[in-house]
Amino acid sequence: MDSEVEVVIAGGGLVGLSLAVFLADQGVDTLLVEQRREPSRLPRGRGLNLRSMEVLRAAGVEQALRRAPRSVLYGFPEIARAETLAGQERFRAARPATEAFTAISPAEPLMIDQNEVEPVLRADAERRGADLRFATRLDSFEQDGASVTARLRDLTTDAPSTVRARYLVAADGHRSPVRGALAIATSGVGSIAHYANIPFRADLSVPLRGRRLALCYLDQPVAHTMLTRLDHPENWVLMVPYRPEQGERAEDFTPGRCAELVRAATGVPALEPDLLHDRDGPGAVVQTWELASWTADAYRRGRVLLAGDAAHVMAPAGGLGGNTGIQDAHNLAWKLAAVLRGTAGPALLDTYEQERRPVALAAGEQSVRQQLSRRSGGRSQDPAPHPLAAVLGHRYRSAAVVTEEEGTELPAMSMEFDGTPGSRAPHHPVLLDGERLSTLDLYRGRFVLLCGQRGARWAEAARGLDAALDVQVHRMGGALRDATGGWAAAHGVSDSGAVLVRPDGFVCWRAPHDTDPHPGRTLAGVLAQVLAAPAGTRPADPGDRLRAVSAPCQ
(Lines give C-alpha, C1' and ligand atoms only; values in the text may rest on other atoms or scores of the structure.)
Protein backbone atom coordinates (compact mmCIF):
# COMPACT_ATOMS: atom_id res chain seq x y z
CA MET A 1 0.00 0.00 0.00
CA ASP A 2 1.61 3.24 -1.14
CA SER A 3 -0.44 5.74 0.88
CA GLU A 4 -3.59 6.34 2.90
CA VAL A 5 -6.02 9.25 2.74
CA GLU A 6 -9.53 9.93 3.93
CA VAL A 7 -11.15 10.74 0.55
CA VAL A 8 -10.08 10.10 -3.03
CA ILE A 9 -11.78 12.19 -5.72
CA ALA A 10 -11.73 10.78 -9.25
CA GLY A 11 -11.95 13.72 -11.66
CA GLY A 12 -10.41 17.18 -11.58
CA GLY A 13 -12.98 19.22 -13.45
CA LEU A 14 -15.33 21.82 -12.05
CA VAL A 15 -17.08 19.51 -9.58
CA GLY A 16 -14.05 17.51 -8.45
CA LEU A 17 -12.06 20.68 -7.76
CA SER A 18 -15.02 22.23 -5.92
CA LEU A 19 -15.28 19.14 -3.73
CA ALA A 20 -11.54 19.29 -3.03
CA VAL A 21 -11.94 22.91 -1.88
CA PHE A 22 -14.95 22.12 0.33
CA LEU A 23 -13.33 19.02 1.89
CA ALA A 24 -10.04 20.81 2.51
CA ASP A 25 -11.99 23.66 4.11
CA GLN A 26 -13.37 21.03 6.54
CA GLY A 27 -9.89 19.67 7.26
CA VAL A 28 -10.40 16.39 5.38
CA ASP A 29 -7.28 14.69 4.01
CA THR A 30 -8.07 14.61 0.28
CA LEU A 31 -6.41 13.21 -2.85
CA LEU A 32 -7.74 14.23 -6.28
CA VAL A 33 -6.67 12.41 -9.45
CA GLU A 34 -7.32 13.70 -12.98
CA GLN A 35 -6.09 12.04 -16.16
CA ARG A 36 -5.93 15.29 -18.14
CA ARG A 37 -2.56 16.97 -18.09
CA GLU A 38 -4.05 20.40 -18.76
CA PRO A 39 -7.62 21.69 -18.91
CA SER A 40 -9.26 22.42 -22.24
CA ARG A 41 -8.60 25.87 -23.64
CA LEU A 42 -12.15 26.16 -24.96
CA PRO A 43 -14.75 27.74 -22.66
CA ARG A 44 -17.39 25.22 -21.59
CA GLY A 45 -19.57 26.15 -18.62
CA ARG A 46 -20.14 29.88 -19.00
CA GLY A 47 -21.24 31.07 -15.57
CA LEU A 48 -21.75 30.39 -11.87
CA ASN A 49 -25.33 30.81 -10.75
CA LEU A 50 -26.55 32.45 -7.58
CA ARG A 51 -26.48 29.38 -5.35
CA SER A 52 -23.03 28.32 -6.58
CA MET A 53 -21.70 31.77 -5.73
CA GLU A 54 -23.29 31.52 -2.28
CA VAL A 55 -21.52 28.25 -1.48
CA LEU A 56 -18.23 29.43 -2.96
CA ARG A 57 -18.59 32.63 -0.95
CA ALA A 58 -19.05 30.53 2.19
CA ALA A 59 -15.85 28.64 1.33
CA GLY A 60 -13.92 31.89 0.95
CA VAL A 61 -13.36 31.61 -2.83
CA GLU A 62 -15.72 34.35 -4.04
CA GLN A 63 -13.22 37.18 -4.21
CA ALA A 64 -10.61 35.15 -6.08
CA LEU A 65 -13.24 34.22 -8.65
CA ARG A 66 -14.28 37.85 -9.06
CA ARG A 67 -10.67 38.82 -9.69
CA ALA A 68 -10.41 36.25 -12.50
CA PRO A 69 -11.21 37.27 -16.09
CA ARG A 70 -14.92 37.46 -16.74
CA SER A 71 -16.55 35.58 -19.57
CA VAL A 72 -16.86 37.42 -22.85
CA LEU A 73 -20.59 36.75 -22.43
CA TYR A 74 -20.66 39.29 -19.57
CA GLY A 75 -21.23 42.10 -22.05
CA PHE A 76 -23.63 40.09 -24.19
CA PRO A 77 -26.78 39.28 -22.21
CA GLU A 78 -29.18 38.39 -25.05
CA ILE A 79 -30.46 35.10 -26.48
CA ALA A 80 -32.39 34.95 -29.76
CA ARG A 81 -33.85 32.56 -32.32
CA ALA A 82 -33.90 33.11 -36.08
CA GLU A 83 -33.60 31.30 -39.39
CA THR A 84 -30.06 32.66 -39.82
CA LEU A 85 -28.07 35.20 -37.82
CA ALA A 86 -28.77 37.76 -40.55
CA GLY A 87 -32.42 36.77 -40.81
CA GLN A 88 -35.54 37.90 -38.99
CA GLU A 89 -35.78 37.03 -35.30
CA ARG A 90 -38.43 34.69 -33.91
CA PHE A 91 -37.77 35.78 -30.31
CA ARG A 92 -35.19 37.51 -28.15
CA ALA A 93 -34.69 37.55 -24.37
CA ALA A 94 -32.09 38.81 -21.89
CA ARG A 95 -30.85 37.46 -18.59
CA PRO A 96 -31.88 39.47 -15.51
CA ALA A 97 -29.64 42.17 -14.10
CA THR A 98 -27.71 41.36 -10.92
CA GLU A 99 -29.70 43.99 -9.02
CA ALA A 100 -32.67 41.60 -9.23
CA PHE A 101 -31.06 39.31 -6.63
CA THR A 102 -30.23 41.72 -3.81
CA ALA A 103 -33.43 41.01 -1.88
CA ILE A 104 -32.74 37.28 -1.60
CA SER A 105 -28.96 36.90 -1.44
CA PRO A 106 -25.70 38.69 -0.55
CA ALA A 107 -24.09 37.04 -3.60
CA GLU A 108 -24.46 37.65 -7.32
CA PRO A 109 -24.20 35.28 -10.27
CA LEU A 110 -20.87 35.52 -12.06
CA MET A 111 -20.37 35.30 -15.80
CA ILE A 112 -17.10 33.40 -15.92
CA ASP A 113 -15.93 30.58 -18.17
CA GLN A 114 -15.18 27.19 -16.71
CA ASN A 115 -11.59 27.30 -17.97
CA GLU A 116 -11.10 30.38 -15.74
CA VAL A 117 -12.91 28.89 -12.73
CA GLU A 118 -10.92 25.66 -12.60
CA PRO A 119 -7.46 27.27 -12.06
CA VAL A 120 -8.89 29.35 -9.18
CA LEU A 121 -10.36 26.27 -7.51
CA ARG A 122 -7.18 24.29 -8.13
CA ALA A 123 -4.99 26.94 -6.50
CA ASP A 124 -7.35 27.27 -3.54
CA ALA A 125 -7.55 23.52 -2.94
CA GLU A 126 -3.75 23.21 -3.06
CA ARG A 127 -3.36 26.17 -0.71
CA ARG A 128 -5.60 24.37 1.78
CA GLY A 129 -3.47 21.22 1.59
CA ALA A 130 -5.36 18.99 -0.85
CA ASP A 131 -3.15 16.66 -2.90
CA LEU A 132 -4.04 17.21 -6.58
CA ARG A 133 -2.44 14.86 -9.10
CA PHE A 134 -3.04 15.65 -12.76
CA ALA A 135 -1.95 13.27 -15.53
CA THR A 136 -2.99 10.49 -13.14
CA ARG A 137 -5.68 7.93 -13.90
CA LEU A 138 -7.82 5.80 -11.61
CA ASP A 139 -7.37 2.36 -13.20
CA SER A 140 -9.55 0.35 -10.82
CA PHE A 141 -10.87 0.22 -7.30
CA GLU A 142 -12.15 -2.26 -4.75
CA GLN A 143 -14.08 -1.65 -1.57
CA ASP A 144 -14.89 -3.50 1.61
CA GLY A 145 -16.66 -2.50 4.80
CA ALA A 146 -13.81 -0.32 6.02
CA SER A 147 -12.17 1.32 3.03
CA VAL A 148 -11.69 1.71 -0.72
CA THR A 149 -8.49 0.58 -2.42
CA ALA A 150 -7.76 2.69 -5.50
CA ARG A 151 -5.18 1.68 -8.10
CA LEU A 152 -3.69 4.69 -9.86
CA ARG A 153 -1.35 5.22 -12.79
CA ASP A 154 0.91 8.19 -13.45
CA LEU A 155 0.37 8.86 -17.16
CA THR A 156 3.68 10.67 -17.50
CA THR A 157 5.88 7.87 -16.15
CA ASP A 158 3.41 4.93 -16.44
CA ALA A 159 4.19 4.17 -12.78
CA PRO A 160 1.38 2.44 -10.85
CA SER A 161 0.50 3.20 -7.24
CA THR A 162 -2.13 2.17 -4.74
CA VAL A 163 -3.94 4.31 -2.21
CA ARG A 164 -6.37 3.34 0.51
CA ALA A 165 -9.14 5.74 1.44
CA ARG A 166 -12.21 5.79 3.62
CA TYR A 167 -14.33 7.00 0.69
CA LEU A 168 -14.11 7.46 -3.07
CA VAL A 169 -16.10 10.16 -4.87
CA ALA A 170 -16.56 9.85 -8.62
CA ALA A 171 -16.59 13.25 -10.32
CA ASP A 172 -15.30 11.67 -13.52
CA GLY A 173 -17.82 12.99 -16.03
CA HIS A 174 -20.85 11.78 -17.90
CA ARG A 175 -19.11 8.62 -19.15
CA SER A 176 -17.96 7.90 -15.55
CA PRO A 177 -15.90 4.69 -15.50
CA VAL A 178 -16.61 4.52 -11.76
CA ARG A 179 -20.37 4.58 -12.29
CA GLY A 180 -19.94 1.92 -14.96
CA ALA A 181 -17.88 -0.27 -12.64
CA LEU A 182 -20.62 0.01 -10.02
CA ALA A 183 -23.27 -0.96 -12.63
CA ILE A 184 -25.44 2.01 -11.67
CA ALA A 185 -28.07 2.59 -14.34
CA THR A 186 -29.47 5.94 -15.43
CA SER A 187 -32.98 7.08 -16.27
CA GLY A 188 -34.60 10.12 -17.82
CA VAL A 189 -35.11 11.64 -21.25
CA GLY A 190 -31.80 10.26 -22.45
CA SER A 191 -30.26 11.43 -25.72
CA ILE A 192 -31.88 14.45 -27.38
CA ALA A 193 -29.38 15.23 -30.13
CA HIS A 194 -25.71 14.97 -31.12
CA TYR A 195 -23.71 18.07 -32.00
CA ALA A 196 -20.47 18.92 -33.77
CA ASN A 197 -18.75 22.06 -32.49
CA ILE A 198 -17.11 24.24 -35.15
CA PRO A 199 -14.99 26.98 -33.54
CA PHE A 200 -14.15 29.90 -35.82
CA ARG A 201 -13.14 33.56 -35.89
CA ALA A 202 -15.08 36.13 -37.89
CA ASP A 203 -16.37 39.68 -37.76
CA LEU A 204 -20.15 39.21 -37.57
CA SER A 205 -21.02 42.82 -36.79
CA VAL A 206 -23.10 43.19 -39.97
CA PRO A 207 -25.50 40.27 -39.38
CA LEU A 208 -25.60 41.07 -35.65
CA ARG A 209 -27.02 44.54 -36.39
CA GLY A 210 -25.97 45.91 -33.01
CA ARG A 211 -27.55 43.11 -31.01
CA ARG A 212 -25.62 41.94 -27.94
CA LEU A 213 -26.21 38.25 -28.53
CA ALA A 214 -24.54 35.60 -26.42
CA LEU A 215 -26.39 32.73 -28.07
CA CYS A 216 -28.62 32.32 -31.10
CA TYR A 217 -30.76 29.31 -32.04
CA LEU A 218 -30.85 28.93 -35.82
CA ASP A 219 -32.81 26.98 -38.41
CA GLN A 220 -29.86 26.93 -40.85
CA PRO A 221 -27.89 24.96 -41.87
CA VAL A 222 -30.18 22.47 -40.11
CA ALA A 223 -32.89 22.89 -37.50
CA HIS A 224 -31.72 23.35 -33.89
CA THR A 225 -28.28 24.73 -34.78
CA MET A 226 -26.76 26.97 -32.10
CA LEU A 227 -24.23 29.81 -32.39
CA THR A 228 -22.45 31.24 -29.35
CA ARG A 229 -19.39 33.33 -28.57
CA LEU A 230 -16.15 31.85 -27.30
CA ASP A 231 -13.46 33.81 -25.46
CA HIS A 232 -13.31 36.89 -27.71
CA PRO A 233 -16.08 38.97 -29.30
CA GLU A 234 -15.02 37.69 -32.73
CA ASN A 235 -14.45 34.06 -31.68
CA TRP A 236 -17.50 31.84 -32.08
CA VAL A 237 -18.54 28.22 -31.98
CA LEU A 238 -21.24 26.88 -34.28
CA MET A 239 -22.96 23.81 -32.83
CA VAL A 240 -24.49 21.79 -35.66
CA PRO A 241 -26.67 18.70 -35.10
CA TYR A 242 -25.48 15.54 -36.81
CA ARG A 243 -26.70 11.92 -36.87
CA PRO A 244 -24.17 9.28 -35.83
CA GLU A 245 -26.99 6.70 -35.85
CA GLN A 246 -27.17 7.22 -39.63
CA GLY A 247 -23.43 6.78 -40.06
CA GLU A 248 -22.43 10.45 -39.93
CA ARG A 249 -19.01 10.90 -38.34
CA ALA A 250 -16.93 13.71 -36.90
CA GLU A 251 -14.44 13.06 -39.70
CA ASP A 252 -17.11 14.09 -42.20
CA PHE A 253 -16.77 17.71 -41.02
CA THR A 254 -13.90 18.75 -43.26
CA PRO A 255 -12.62 22.34 -43.18
CA GLY A 256 -14.43 23.09 -46.44
CA ARG A 257 -17.72 21.71 -45.18
CA CYS A 258 -17.33 23.57 -41.85
CA ALA A 259 -16.86 26.89 -43.69
CA GLU A 260 -20.01 26.25 -45.74
CA LEU A 261 -21.99 25.46 -42.59
CA VAL A 262 -20.81 28.71 -40.97
CA ARG A 263 -21.87 30.70 -44.05
CA ALA A 264 -25.31 29.04 -44.05
CA ALA A 265 -25.84 29.68 -40.33
CA THR A 266 -24.80 33.33 -40.41
CA GLY A 267 -26.63 34.09 -43.65
CA VAL A 268 -23.47 35.73 -45.10
CA PRO A 269 -22.59 33.88 -48.34
CA ALA A 270 -19.28 35.70 -48.82
CA LEU A 271 -17.99 35.07 -45.27
CA GLU A 272 -14.54 33.47 -45.01
CA PRO A 273 -14.35 32.19 -41.42
CA ASP A 274 -11.00 31.47 -39.82
CA LEU A 275 -11.49 27.96 -38.43
CA LEU A 276 -9.99 27.45 -34.97
CA HIS A 277 -10.02 23.68 -35.20
CA ASP A 278 -6.62 23.08 -33.56
CA ARG A 279 -7.46 24.74 -30.23
CA ASP A 280 -8.40 21.47 -28.53
CA GLY A 281 -5.74 19.32 -30.09
CA PRO A 282 -3.84 19.08 -33.38
CA GLY A 283 -5.92 17.81 -36.26
CA ALA A 284 -9.27 18.01 -34.48
CA VAL A 285 -11.56 19.84 -36.92
CA VAL A 286 -14.64 19.50 -34.72
CA GLN A 287 -15.43 18.34 -31.22
CA THR A 288 -18.59 16.28 -30.80
CA TRP A 289 -20.95 16.01 -27.86
CA GLU A 290 -24.35 14.65 -26.93
CA LEU A 291 -27.23 16.82 -25.77
CA ALA A 292 -28.90 14.58 -23.21
CA SER A 293 -30.72 14.57 -19.90
CA TRP A 294 -30.58 11.74 -17.39
CA THR A 295 -29.99 11.04 -13.71
CA ALA A 296 -28.21 8.11 -12.07
CA ASP A 297 -30.58 5.71 -10.33
CA ALA A 298 -28.33 5.71 -7.24
CA TYR A 299 -25.74 8.15 -5.91
CA ARG A 300 -23.99 5.72 -3.58
CA ARG A 301 -22.72 2.17 -3.48
CA GLY A 302 -21.08 1.44 -0.15
CA ARG A 303 -18.10 3.76 0.21
CA VAL A 304 -18.26 5.12 -3.34
CA LEU A 305 -20.39 8.16 -4.20
CA LEU A 306 -21.20 9.99 -7.44
CA ALA A 307 -21.21 13.75 -8.01
CA GLY A 308 -21.67 16.14 -10.92
CA ASP A 309 -21.92 14.72 -14.44
CA ALA A 310 -21.20 11.24 -13.09
CA ALA A 311 -24.58 11.50 -11.33
CA HIS A 312 -26.61 13.62 -13.75
CA VAL A 313 -26.48 15.19 -17.19
CA MET A 314 -28.69 18.12 -18.19
CA ALA A 315 -29.51 20.08 -21.32
CA PRO A 316 -27.31 23.21 -21.50
CA ALA A 317 -30.20 25.71 -21.38
CA GLY A 318 -30.12 27.53 -18.05
CA GLY A 319 -26.58 26.44 -17.21
CA LEU A 320 -27.78 24.10 -14.47
CA GLY A 321 -25.51 21.09 -15.02
CA GLY A 322 -22.15 22.21 -13.65
CA ASN A 323 -23.78 24.44 -11.05
CA THR A 324 -25.88 21.56 -9.73
CA GLY A 325 -22.65 19.57 -9.49
CA ILE A 326 -20.94 22.26 -7.42
CA GLN A 327 -23.91 22.20 -5.07
CA ASP A 328 -23.74 18.38 -4.92
CA ALA A 329 -20.16 18.74 -3.74
CA HIS A 330 -21.11 21.29 -1.09
CA ASN A 331 -23.87 19.05 0.26
CA LEU A 332 -21.60 16.02 0.34
CA ALA A 333 -18.49 17.65 1.81
CA TRP A 334 -19.84 18.50 5.26
CA LYS A 335 -21.45 15.07 5.54
CA LEU A 336 -18.23 13.24 4.69
CA ALA A 337 -16.35 15.44 7.14
CA ALA A 338 -18.83 14.73 9.94
CA VAL A 339 -18.68 10.97 9.34
CA LEU A 340 -14.88 11.00 9.19
CA ARG A 341 -14.69 13.01 12.42
CA GLY A 342 -16.98 10.50 14.10
CA THR A 343 -19.66 13.06 14.99
CA ALA A 344 -22.07 11.49 12.49
CA GLY A 345 -23.00 7.96 11.62
CA PRO A 346 -22.42 6.53 8.12
CA ALA A 347 -26.17 6.70 7.46
CA LEU A 348 -25.81 10.47 7.13
CA LEU A 349 -24.31 9.79 3.70
CA ASP A 350 -27.60 8.22 2.61
CA THR A 351 -29.17 11.67 2.87
CA TYR A 352 -26.88 12.90 0.09
CA GLU A 353 -28.89 10.96 -2.49
CA GLN A 354 -32.18 11.66 -0.71
CA GLU A 355 -31.56 15.39 -1.00
CA ARG A 356 -29.59 15.88 -4.18
CA ARG A 357 -31.18 13.39 -6.58
CA PRO A 358 -34.60 15.14 -6.49
CA VAL A 359 -32.78 18.41 -7.18
CA ALA A 360 -31.10 16.88 -10.24
CA LEU A 361 -34.41 15.48 -11.48
CA ALA A 362 -36.10 18.88 -11.16
CA ALA A 363 -33.17 20.76 -12.70
CA GLY A 364 -32.95 18.25 -15.54
CA GLU A 365 -36.65 18.60 -16.28
CA GLN A 366 -36.41 22.39 -16.27
CA SER A 367 -33.33 22.41 -18.52
CA VAL A 368 -35.05 20.18 -21.09
CA ARG A 369 -38.22 22.28 -21.00
CA GLN A 370 -36.18 25.45 -21.52
CA GLN A 371 -34.04 23.89 -24.25
CA LEU A 372 -37.07 22.66 -26.21
CA SER A 373 -38.86 25.97 -25.70
CA ARG A 374 -35.94 27.88 -27.17
CA ARG A 375 -35.63 25.45 -30.06
CA SER A 376 -39.33 25.92 -30.87
CA GLY A 377 -39.16 29.70 -30.78
CA GLY A 378 -39.81 30.41 -27.12
CA ARG A 379 -43.33 29.00 -27.09
CA SER A 380 -44.36 26.42 -24.50
CA GLN A 381 -47.74 25.16 -23.37
CA ASP A 382 -46.41 24.38 -19.90
CA PRO A 383 -46.37 27.14 -17.28
CA ALA A 384 -42.80 28.22 -16.70
CA PRO A 385 -41.49 27.85 -13.13
CA HIS A 386 -39.74 30.74 -11.48
CA PRO A 387 -36.27 30.92 -13.12
CA LEU A 388 -34.56 30.67 -9.72
CA ALA A 389 -36.68 27.79 -8.44
CA ALA A 390 -34.24 25.09 -9.58
CA VAL A 391 -31.32 27.19 -8.30
CA LEU A 392 -32.43 28.18 -4.79
CA GLY A 393 -35.91 26.90 -4.13
CA HIS A 394 -35.54 23.16 -3.56
CA ARG A 395 -36.82 21.71 -0.29
CA TYR A 396 -34.90 18.78 1.15
CA ARG A 397 -36.78 15.82 2.58
CA SER A 398 -34.42 13.48 4.39
CA ALA A 399 -33.44 12.16 7.78
CA ALA A 400 -31.06 15.14 8.04
CA VAL A 401 -34.05 17.49 8.36
CA VAL A 402 -36.49 17.56 11.29
CA THR A 403 -39.90 18.20 9.75
CA GLU A 404 -42.39 20.25 11.70
CA GLU A 405 -45.68 18.56 10.84
CA GLU A 406 -45.84 14.89 9.97
CA GLY A 407 -47.80 14.22 6.83
CA THR A 408 -47.60 17.80 5.56
CA GLU A 409 -46.80 17.82 1.87
CA LEU A 410 -44.27 20.56 1.18
CA PRO A 411 -43.59 21.77 -2.36
CA ALA A 412 -40.50 20.30 -4.01
CA MET A 413 -39.44 23.85 -4.91
CA SER A 414 -40.53 27.21 -3.57
CA MET A 415 -39.34 30.77 -3.77
CA GLU A 416 -40.51 31.42 -0.21
CA PHE A 417 -37.40 31.56 1.99
CA ASP A 418 -39.15 31.57 5.34
CA GLY A 419 -36.99 29.31 7.52
CA THR A 420 -38.98 26.15 6.85
CA PRO A 421 -36.82 23.12 7.72
CA GLY A 422 -35.41 21.65 4.52
CA SER A 423 -35.13 25.00 2.77
CA ARG A 424 -32.09 27.16 2.15
CA ALA A 425 -31.88 29.58 5.08
CA PRO A 426 -33.22 33.09 4.50
CA HIS A 427 -30.98 36.03 3.65
CA HIS A 428 -31.40 38.80 6.25
CA PRO A 429 -29.09 41.76 6.97
CA VAL A 430 -27.35 41.63 10.36
CA LEU A 431 -24.50 43.38 12.14
CA LEU A 432 -21.81 41.17 13.66
CA ASP A 433 -19.44 43.18 15.86
CA GLY A 434 -20.53 46.22 13.87
CA GLU A 435 -19.85 44.67 10.44
CA ARG A 436 -22.82 44.46 8.11
CA LEU A 437 -23.35 40.90 6.86
CA SER A 438 -26.05 38.57 5.69
CA THR A 439 -27.24 35.75 7.92
CA LEU A 440 -25.99 33.49 5.09
CA ASP A 441 -22.45 34.65 5.89
CA LEU A 442 -22.71 32.95 9.29
CA TYR A 443 -22.87 29.43 7.84
CA ARG A 444 -19.50 27.97 7.03
CA GLY A 445 -18.58 24.39 7.79
CA ARG A 446 -20.43 24.03 11.10
CA PHE A 447 -23.89 23.99 12.61
CA VAL A 448 -25.18 27.40 13.67
CA LEU A 449 -27.97 28.05 16.16
CA LEU A 450 -29.59 31.48 15.72
CA CYS A 451 -31.58 32.57 18.75
CA GLY A 452 -33.85 35.51 19.31
CA GLN A 453 -33.03 38.09 21.94
CA ARG A 454 -35.33 36.32 24.41
CA GLY A 455 -34.01 32.87 23.40
CA ALA A 456 -31.38 32.66 26.13
CA ARG A 457 -32.41 29.13 27.16
CA TRP A 458 -31.80 27.85 23.63
CA ALA A 459 -28.39 29.51 23.54
CA GLU A 460 -27.42 28.03 26.92
CA ALA A 461 -28.63 24.59 25.86
CA ALA A 462 -26.51 24.69 22.71
CA ARG A 463 -23.43 25.75 24.65
CA GLY A 464 -23.97 22.76 26.92
CA LEU A 465 -23.80 20.25 24.08
CA ASP A 466 -20.82 17.99 23.53
CA ALA A 467 -18.06 20.22 22.18
CA ALA A 468 -17.34 17.66 19.44
CA LEU A 469 -20.65 18.60 17.80
CA ASP A 470 -19.20 22.07 17.16
CA VAL A 471 -22.39 24.15 17.21
CA GLN A 472 -21.79 27.89 16.93
CA VAL A 473 -24.34 29.98 18.82
CA HIS A 474 -25.50 33.46 17.81
CA ARG A 475 -28.07 35.26 19.93
CA MET A 476 -29.64 38.46 18.70
CA GLY A 477 -28.94 41.51 20.80
CA GLY A 478 -25.31 40.81 21.67
CA ALA A 479 -22.47 40.79 19.16
CA LEU A 480 -25.08 39.90 16.53
CA ARG A 481 -27.78 42.50 15.88
CA ASP A 482 -30.68 42.72 13.50
CA ALA A 483 -29.75 45.42 10.96
CA THR A 484 -33.24 46.14 9.62
CA GLY A 485 -35.70 44.48 12.01
CA GLY A 486 -37.85 41.48 11.27
CA TRP A 487 -35.24 38.75 11.65
CA ALA A 488 -37.56 36.51 13.64
CA ALA A 489 -40.50 36.91 11.27
CA ALA A 490 -38.24 36.20 8.29
CA HIS A 491 -37.30 32.87 9.88
CA GLY A 492 -40.78 31.91 11.05
CA VAL A 493 -40.05 32.21 14.77
CA SER A 494 -40.68 34.61 17.62
CA ASP A 495 -38.08 36.63 19.52
CA SER A 496 -37.79 33.70 21.95
CA GLY A 497 -37.36 31.11 19.22
CA ALA A 498 -34.36 29.50 17.57
CA VAL A 499 -33.30 28.16 14.17
CA LEU A 500 -30.68 25.45 13.62
CA VAL A 501 -28.85 25.75 10.30
CA ARG A 502 -26.65 23.00 8.87
CA PRO A 503 -23.10 23.60 7.61
CA ASP A 504 -24.46 23.85 4.04
CA GLY A 505 -26.79 26.73 4.93
CA PHE A 506 -30.02 24.70 5.00
CA VAL A 507 -32.40 24.92 7.93
CA CYS A 508 -32.73 21.54 9.64
CA TRP A 509 -34.89 22.49 12.67
CA ARG A 510 -36.54 25.45 14.32
CA ALA A 511 -38.43 26.23 17.51
CA PRO A 512 -40.89 29.11 17.12
CA HIS A 513 -40.98 29.84 20.87
CA ASP A 514 -39.10 29.21 24.11
CA THR A 515 -41.67 26.83 25.56
CA ASP A 516 -39.68 23.59 25.61
CA PRO A 517 -39.15 22.32 29.19
CA HIS A 518 -35.95 20.52 28.21
CA PRO A 519 -34.17 22.55 25.53
CA GLY A 520 -30.85 20.76 25.99
CA ARG A 521 -32.42 17.34 25.55
CA THR A 522 -34.36 18.56 22.52
CA LEU A 523 -31.30 20.00 20.79
CA ALA A 524 -29.27 16.87 21.50
CA GLY A 525 -32.06 14.76 20.03
CA VAL A 526 -32.31 16.96 16.95
CA LEU A 527 -28.58 16.68 16.27
CA ALA A 528 -28.66 12.93 16.88
CA GLN A 529 -31.33 12.58 14.21
CA VAL A 530 -29.72 14.95 11.73
CA LEU A 531 -26.29 13.37 12.14
CA ALA A 532 -27.58 9.79 12.27
CA ALA A 533 -25.64 9.34 15.52
CA PRO A 534 -26.48 8.97 19.21
CA ALA A 535 -26.60 12.24 21.13
CA GLY A 536 -23.26 13.04 22.74
CA THR A 537 -21.22 11.01 20.26
CA ARG A 538 -17.57 11.94 20.40
CA PRO A 539 -15.11 11.87 17.50
CA ALA A 540 -13.48 8.57 16.70
CA ASP A 541 -9.82 8.25 17.53
CA PRO A 542 -7.91 9.35 14.39
CA GLY A 543 -5.78 6.24 14.70
CA ASP A 544 -8.90 4.14 14.21
CA ARG A 545 -9.82 5.76 10.92
CA LEU A 546 -7.74 3.59 8.62
CA ARG A 547 -7.05 -0.07 9.31
CA ALA A 548 -5.86 -2.92 7.14
CA VAL A 549 -8.01 -3.50 4.07
CA SER A 550 -10.25 -6.55 4.15
CA ALA A 551 -10.78 -8.79 1.14
CA PRO A 552 -11.90 -6.57 -1.78
CA CYS A 553 -15.39 -6.77 -3.16
CA GLN A 554 -15.73 -8.84 -6.32
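How much accessible surface does the chain have, and what share of that surface belongs to carbon and sulfur atoms? The accessible surface comes to about 22800 Å², and 50% of this belongs to carbon and sulfur atoms. Please keep in mind throughout that what we are looking at is a predicted model.

Let me begin with the chain as a whole. Its secondary structure comes to 13 helices and 24 strands. The radius of gyration is 25 Å, close to the 24 Å that the globule rule gives for 554 residues, so the chain is as compact as a globular protein of that length. Along the principal axes, the C-alpha trace spans about 80 × 55 × 40 Å. Of the 554 residues, 55% count as buried, and if we take the contacts between residues at least 6 apart in sequence, 71% of them join residues at least 24 apart.

Four strands form an open sheet with mixed pairing, and their order is 21-20-23-24. Strand 21, residues 471-475, and strand 24, residues 507-511, stand at the edges, and each has a single partner strand, so one side of each is left without a neighbour in the sheet. From one strand to the next, the twist averages 15°. Within this sheet, strand 20, which covers residues 447-451, pairs with strand 21 in the parallel sense over five bridges, and here you can find Cys-451 standing opposite Arg-475 in strand 21. Helix 11, residues 456-463, packs on the sheet, where it touches strand 20, strand 21, strand 23 (498-501) and strand 24. The direction of helix 11 makes about 160° with that of strand 21.

Finally, some details of the backbone. Which peptide bond is cis, with omega near 5°? That is the bond from Gln-220 to Pro-221, and Pro-221 is found in the loop between strand 10 (213-218) and strand 11 (225-229).

Note on methods
Residues numbered from 1 in each chain as written. Predicted model: local features only at pLDDT ≥ 70, side-chain atom pairs only at ≥ 80, totals over all residues. Heavy atoms only, no water. Helix = DSSP H or I, 4+ residues; strand = E, 2+ residues; numbered from the N terminus. Pairing = 2+ DSSP bridges. Axes fitted to C-alpha atoms, helices over the stretch in contact; angles between N-to-C directions. Contact = heavy atoms within 4.5 Å. Rg over C-alpha atoms; globule rule 2.2 N^0.38 Å. Buried < 20%, exposed > 50% of the residue type's maximum accessible area, 1.4 Å probe, protein only. Areas by Shrake-Rupley, 256 points an atom, 1.4 Å probe, with all protein chains shown as cover.
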